[in-house]
Amino acid sequence: MSMKAAGTRVLTAALLACAFHGTVMAETSRQGMVAGVSREEALRLGERMYREGILPSGEPLKAIVKGDIPMTGNQFTCANCHQRSGFGSLEGTVRTPPINSAQLYAPLSKFKGVPVSRRSALVRETELYRPAYTDETLARAMRTGLDPAGRQMSTTMPIYFLSDRDMDILVFYLKNLSTGSEAGVTDTALRFATVITGEVSTADREAMLAPLQYYISNWRISRQMEQSARAGGFVQEGEARELRRLSLSVWELKGPAETWRAQLEEYYRKEPVFALLGGITTGEWAPVHKFCEDHKVPAIFPITDFPVISGSGGPTFYLSKGLYQEGEAAARFLHRKEDLLKEIPILQVFRNDRAGRILSKAFEETWTSLGHAAPENRVLAGGEAPAADFWKKLDEKSKHRVVLLWLDSSSFPALENLARSRSLPDVVVLSSSLLGNRLYSLPDKQRQSVYLTYPYSLPQDSRAYKANIETALKKNNIPITNPDITFKMYSLFSMLTGPLSRMRTYVYRDYFIELLEATPDLSVIPVTYPRLSFGTGQRYASKGCYIVQLTDGPRPELVKRSEWIIQ
Amino acid sequence: MHRKQTMLLLYLLLTSLCLLSEAWAGRDKTYQRTLENYEVPDVTLINQDGVKVSLRKLLFSDKPVLVDFVYTSCTTICPVLSINFANYQKTIIEERGATQLVSISIDPEFDTPKAMKAYLKRYNAEPGWDFLTGSRDDISRVLKAFKVYTQNKMNHYPVILLKSPSDTRWVRVYGLIGTSELLVEYEKVRK
């Protein structure tokens with residue numbers, strides 16, 4: 001054996017001993033505490049520093065970035081770049097390395113930054129990039145930018161000014177970051193559930209459930225990866241347990257919405273799940289949303305017209321803001337029609353039901369936020385149809401040149417009456433989601449002044465794609481009982497496949513959410529929506545809404561009168 | 001003779017200083033600097049106050065202009081670019097308003113005027129720093145014109161563009177830089 005080889009072996013053995021020591025140390029000190037602070041309190045304070053950039057004193061963290069730029073924790077935080085899970089991020093050419101406990105407290109080889117302790121024997125002997133962090137070297141890294149090998153890290157990593165106690169808390173938090181196990185996850189299985197509320201029709205239920213069950217039972221990792229794993233070949237850290245099988249439970253919620261929470265708790269207690277996929281209700285999703293928030297359960301693309309509208313970035317990801325998005329778009333569209341609007345009074349007519357309330361609220365909130373006076377509201381009682389002389393009376397007042405009619409297809413005869421009235425308002429806005437296919441039978445006379453909110457890809461743009469998907473579904477014997485719902489499920493699968501594959505063995509909810517947030521914009525196949533996109537904290541994938549009009553004639557088409565996004 | 005020796009010493013000192021400074025610059029220079037010609041499209045965008053802005057008017061005024069491309073829900077690149085703009089504004093405080101800073105959103109769907117205004121506030125932006133959004137088509141045209149277009153916003157570039165009012169060319173700085181580096185580039189542009 002040459003001296004060099006012997007030297008290498010000794011060095012390797014020493015490094016492995018260090019690695020082992022590092023792991024043991026990490027395990028031991030993970031149990032350790034910050035002096036004078038309970039474990040829970042230390043984790044809470046550490047999380048606030050890491051995620052919100054706020055010190056235990058309530059002051060923002062202070063740091064220097066890029067060598068000479070002073071910054072504070074309320075401008076950006078550790079979690080901005082390293083993410084809540086600590087698994088890091090990749091943005092263009094800028095890579096932020098993982099800093100979860102397992103990565104920090106293990107030595108790192110030069111090969112793809114994989115912890116040495118978890119590598120196959122073959123790769124274990126490769127040169128170290130850095131030894132495992134200790135509490136001391138971790139604190140030094142945050143204060144000086146030096147890694148445990150004494151190497152200066154990128155100056156994009158800020159240098160922090162922290163007291164010893166605050167540093168101890170942050171180190172303790174990092175030591176515990178993404179270390180636990182998640183509900184619904186075993187070495188061989190990953191469990192999901194889907195929620196269906198009692199009033200949903202059988203056809204709609206099947207339209208949501210059949211493609212989802214097909215997707216779950218046919219989930220496969222790449223053939224090459226599977227063969228390699230089964231043959232016992234070299235498997236990179238993070239891949240082995242991708243062989244987990246997915247399973248899906250169906251959680252049916254019965255009775256009034258007030259009882260749903262208890263039912264959800266009971267389902268969750270009996271069979272904890274990693275996340276909720278799809279799901280459907282004709283009512284509000286709020287009780288399920290709240291349940292997911294409280295248990296930190298990700299929920300991806302429930303089908304509902306009434307998502308919870310919030311900017312707080314919880315674990316529920318919606319396809320869109322539902323009806324709220326239409327009211328919002330109407331306000332922005334009218335705001336930009338400066339030629340038409342010189343503070344002309346606006347009238348909203350809606351029923352006192354969920355749809356009417358949401359549409360009118362969305363319009364009013366957006367309209368007033370744009371600096372306009374609140375619209376006048378005329379609320380029809382639950383089942384009330386506009387009276388025969390409703391439009392006539394409106395006509396006599398004739399001050400409302402812009403009328404928003406948030407009414408569904410049952411009010412259609414009343415809309416036809418409007419067409420016969422003496423003078424139409426200049427602009428009538430209707431919701432295409434409420435009218436459904438009846439919108440195509442609007443009388444010719446109305447079409448000049450009627451504008452419709454249309455929060456979907458235009459039929460002429462999506463027809464061919466939908467036909468292809470229908471063919472594929474039929475080939476696999478998946479019934480299409482409600483195409484609109486089935487196509488929304490297609491959006492779910494388009495969004496889900498990337499994160500599910502990329503999560504590999506790092507099956508943590510925060511990481512799953514981060515991978516969803518980092519999914520590239522989907523705009524290539526505009527099936528239901530022209531574009532689906534996320535970003536950190538974004539929770540509504542489709543953000544636009546066309547304002548359209550109908551062409552003349554017996555077979556009208558929709559013509560865009562606005563951009564998809566109306567600023 | 002004595003004079004000659006002094007001159008030689010001075011020469012050696014200067015040469016080594018130059019070499020040192022070059023080595024220093026070479027070691028620390030973490031960005032690429034190129035001179036570019038761009039055909040800026042004639043588009044109207046919307047600023048953080050919801051006001052329509054002609055991009056050409058904003059970029060071709062009598063002020064030096066700095067441009068970057070960011071989005072409000074970005075992870076790493078944008079916060080570092082933006083904190084640099086903020087620090088730059090603070091650093092040249094005696095010349096407040098002398099430079100026009102422009103951030104152009106690469107995520108117009110999410111970046112409404114309201115979101116952009118909150119973002120500027122987070123970075124304590126002073127007047128003279130505008131954040132622009134617009135229609136997807138207009139934004140794409142702008143990004144393509146400045147050669148920073150990517151189909152996926154998460155693959156975007158860490159780029160700052162600088163232009164003097166007296167020059168038609170743009171300085172393109174590629175890479176995340178500190179304020180001192182930005183000031184060096186700014187001084188070069190101002191000359």
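Q: Which residues have the most contacts inside the largest nonpolar core?
A: In this predicted model, the largest nonpolar core holds 106 residues, and those with the most contacts inside it are A:Ala275, A:Leu276, A:Leu405 and A:Trp406. Helix H18 of chain A, residues 483–503, gives the largest share of this core, 9 residues, and at least three residues come from each of domain 2 (189–320 + 466–529) and domain 3 (323–454 + 547–560) of chain A.

Q: What is A:Trp406 in contact with, leaving aside its neighbours within four places in sequence?
A: Its partners include A:Val349, A:Phe350, A:Leu359 and A:Leu434, and among them are also A:Gln348 and A:Ser431.

Q: How do strands of a sheet pair, and which order do the 7 strands of the open sheet have?
A: In general, strands pair through backbone hydrogen bonds, either parallel or antiparallel. Here the order is E14-E13-E15-E16-E17-E18-E19 in chain A, with mixed pairing. Strands E14 (376–380) and E19 (558–560) of chain A stand at the edges, each with a single partner strand, so one side of each is left without a neighbour in the sheet. Within the sheet, E15 (402–406) and E16 (427–431) of chain A run parallel and are joined by 4 bridges, with A:Val402 standing opposite A:Val427.

Q: How many residues does each chain give to the contact between chain A and chain B?
A: Chain A gives 34 residues and chain B gives 37 residues; by class, the side of chain A that touches chain B has 12 nonpolar, 15 polar and 7 charged residues.

Definitions and conventions: Residues numbered from 1 in each chain as written. Chains lettered and ligands numbered in written order. Predicted model: local features only at pLDDT ≥ 70, side-chain atom pairs only at ≥ 80, totals over all residues. Contact = placed C-beta atoms within 7 Å. Nonpolar A, V, L, I, M, F, W, Y, C, P; charged D, E, K, R; others polar. Core = buried A, V, L, I, M, F, W, Y, C linked by C-beta atoms within 7 Å. Buried ≥ 20, exposed ≤ 12 C-beta atoms within 10 Å, placed from the backbone. Helix = DSSP H or I, 4+ residues; strand = E, 2+ residues; numbered from the N terminus. Domains from an automatic or database assignment. Pairing = 2+ DSSP bridges.
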